[in-house]
Amino acid sequence: MLNVVSKYLGLTRSLGYPSHLMVEVSSACQLNCPLCPLGNGRLSRPRQLMKMQTFKRIVDDIGDYIYHININGMGEPLLNENICEMISFAKAKNIYVDLYTNLQIENQDVIEGLVQAGLDAILISCDGATKDIYEKYRVHGDFDRLISNINVLVETKKRAKSIKPQVNIQFILFEHNQSQLSQIAELVRTLDADNLVIKRPFLFWGDQRDASVFLPKNEQVNMYRRHGAKLQWQGKTKSKCDLLWASSVILADGAVVPCCFDYDGKVQFGNVNQDSFTAIWNNPSYRSFRRQVQKDWRKIPICNSDFQAGCPNMHIHHDDWLIKVNPSLVARRTSHRSRVTRDELDRSK
């Protein structure tokens, strides 16, 4: 609460600690997704896995103040061999822990370990209801392995008589998969997953080359509109950034950066392997960056020029980007149609 007050008072020093941390335990991935800076080779940072010692240092330092750790970042978290131990360590502090994954891991013991570790929620990427559609974007992904792994996860939950983790299936809405909305809803029901999450794609800087292939041509569901040779957001621009007072991101090497949109770690406030996060949170560089954002975020490169049309956080409201829906609603509404409009998606929330 104090950090929210600090933001509205225009303070550069946050009076409280963040309630939410994103911790990148891996900056490596098995896939080569075309619109991802890691998958398409544009990420300049080294591929590495966070050490268990670093993760423990973070939780020991800030764990009594935060309520949510999102294990996410540019890489695939299940590649870190300590992932289940990390989750257990955070859960011992009663922290809500979730993660995003492609669930392409070959060792299914790790999947069972996620349930045993007490993971609260998992978001699994599945952008197609069939092998050919799924593997068009998830390059080097194996659709059959994904389905098998989801089954293992759901069955492990049932054997353990556990409601956790909540199993959410994410479907990014592309031009080539729009016709599969009813099929993906049916698949989610068949797998006995908890939710279907439909996400509209956004572009990192330099992805114009692939935009025409993947972005939906229907502008009702596309967050971008083409103006000549450039793409622009369709939504309104926010006046302030909420992230710098309420959350923070720690990369796999321990670097503390402003938010997940600084995917290359260009702005770093310190490193938790050298200083505690609580010391970094209000250090001079962090406060200076907050001051710059308050003054004019458009003059900061990572906020304005590292993405097509600027930082997604300053243009996208949560309801415009992620739409969690009941699978039966999507299937019922789209059973006789090949496309879904933005209004229809909004009504399913």
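Modeller: This is a predicted model. A network of salt bridges links Lys131, Glu135, Asp142 and Asp144. In total, the structure holds 15 salt bridges.

Biologist: Why is the contact between Asp64 and Lys93 called a salt bridge?

Modeller: The closest N and O atoms of Asp64 and Lys93 are 3.2 Å apart. The definition asks for a side-chain nitrogen of Lys or Arg within 4 Å of a carboxyl oxygen of Asp or Glu, so the pair qualifies. The two residues lie in distant parts of the chain, 29 residues apart: Asp64 in the loop between helix 2 and strand 2, Lys93 in the loop between helix 3 and strand 3.

Biologist: What makes Asp64 exposed?

Modeller: Asp64 has a relative accessibility of 61%. Exposed means over 50%, so Asp64 counts as exposed. Lys93, at 28%, is partly exposed, because this value falls between 20% and 50%.

Biologist: How do you know that Asp120 and Lys91 meet in a salt bridge?

Modeller: Their N to O distance is 2.7 Å, and the limit is 4 Å, so the pair meets the definition. Asp120 lies in the loop between helix 4 and strand 4 and Lys91 in helix 3, so the pair ties together parts that are 29 residues apart in sequence.

Biologist: Is Asp120 buried or exposed?

Modeller: Asp120 has 9% relative accessibility, and buried means under 20%, so Asp120 counts as buried.

Biologist: Why is Arg189 called partly exposed?

Modeller: Its relative accessibility is 35%, which lies between 20% and 50%, so Arg189 counts as partly exposed. Arg189 forms a salt bridge with Glu186, and both lie in helix 7, three residues apart.

Key
Residues numbered from 1 in each chain as written. Predicted model: local features only at pLDDT ≥ 70, side-chain atom pairs only at ≥ 80, totals over all residues. Heavy atoms only, no water. Helix = DSSP H or I, 4+ residues; strand = E, 2+ residues; numbered from the N terminus. Buried < 20%, exposed > 50% of the residue type's maximum accessible area, 1.4 Å probe, protein only.
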